[in-house]
Structure formats: structure tokens, C-alpha cells
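Here is a short tour for anyone meeting this structure for the first time. Have a look at the sequence and the model, then read on.

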Amino acid sequence: MQEGFELVAMGRALIHDPALVAKLAAGELTESGCIPCNRCVAEMERDGGVCCPRLSEQLAARAARRRRRRSGG
Ligand code: SF4
């Protein structure tokens, strides 16, 4: 490890969170949230580019929790 790396592959981790490297450098995260389930691989053939369906679901669930908290439910 001290001799360095010629290549680091982070494809799915960066699909899950394109800001991952910046967040790791800033100490905001210590690991990727990619599990890796490969659902994004199934999305690659669709128009509009690849994305992480799991991240979209996590963001929607987080927004729903915030709405419930605000409404007192
Ligand atoms: S769909 Fe799964 S494998 Fe692909 S980026 Fe999201 S969590 Fe990772």
C-alpha cells in the first residue's frame, strides 16, 4: 500500500455518489453507500445515462421522513 496504486476503480461507487471523492477527502464519509447490488448495470441501456436507482430511493425515503417529521406524523 505504501508503494501507491497505478489504478483505483471506483465506477459503481461514483455512480452512487459522484461527489464521493470530495466527501472522503473532507472527512464527511468513510465509505461508499454503494452496496453493490448492480441494479445500475441493468439501467445502462436506457436513454438518459446511468444512475443509481438505490440512491433515488434513499433520497425519496429521506424526503418522506422529513415531511413526516415536519407534519408531526
Ligand atoms: S445501483 Fe447498486 S451497484 Fe449500482 S451504484 Fe447503486 S448501490 Fe451501487
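## Helices and layout

Helices (H or I, at least four residues) and strands (E, at least two) are DSSP runs, numbered from the N terminus. Going by that, the chain has four helices and zero strands, and its elements run α-α-α-α from the N terminus on. Residue numbers start from 1 along each chain, following the sequence as written.

This is a predicted model, in which local features need pLDDT of at least 70, side-chain atom pairs count only at pLDDT 80 or more, and totals for chains, interfaces and linings use all residues. Here pLDDT is the predictor's confidence in each residue, from 0 to 100. The chain averages 90, and 99% of the residues score at least 70. Confidence is lowest in helix 3, at a mean of 88, and highest in helix 2, at 95.

## Overall shape

How does the chain compare with a compact globule of 73 residues? Such a globule would have a radius of gyration near 11 Å, but the chain has 16 Å. That radius is taken over C-alpha atoms, and the globule rule is 2.2 Å times the number of residues to the power 0.38. Along the principal axes, the C-alpha atoms fill a box of roughly 55 × 35 × 20 Å.

A residue is buried if 20 or more other C-beta atoms lie within 10 Å of its own, exposed if 12 or fewer, and partly exposed in between, with C-beta atoms placed from the backbone.

## Helix 4

Is helix 4 mostly buried or in the open? Of its 19 residues, the number buried is zero, so helix 4 lies largely in the open. The expected span of a helix is 1.5 Å times one less than its number of residues. For helix 4 that gives 27 Å, and its end C-alpha atoms are 27 Å apart, which agrees. Just after helix 4, G72 takes a positive phi of about 80°.

## Around the ligand

Now for the ligand. A residue is near a molecule or strand if its C-beta atom, placed from the backbone, lies within 6 Å of it. There are 14 residues around the ligand, and H16, C34, C37, C40 and C52 come nearest. Helix 1 (11-16), helix 3 (39-43) and helix 4 (53-71) each supply at least two residues of this shell.

By class, the shell has nine nonpolar, two polar and three charged residues. For that count, Ala, Val, Leu, Ile, Met, Phe, Trp, Tyr, Cys and Pro are nonpolar, Asp, Glu, Lys and Arg are charged, and the others, Gly among them, are polar.

C37 sits in the loop between helix 2 (20-26) and helix 3. It has 13 C-beta neighbours inside 10 Å, so C37 counts as partly exposed. C37 and C52 are 15 residues apart in sequence, and 9.9 Å apart in space, C-alpha to C-alpha. N38 is also found in the loop between helix 2 and helix 3, and counts as exposed because it has 10 such neighbours inside 10 Å. Its phi is near 70°, a positive value in a residue other than glycine. Most residues other than glycine have a negative phi.

C40 belongs to helix 3. With 19 C-beta neighbours inside 10 Å, C40 is partly exposed. Two residues are in contact if their C-beta atoms, placed from the backbone, lie within 7 Å. Leaving aside neighbours within four places in sequence, C40 is in contact with R12, I15, V50, C51, C52 and P53.
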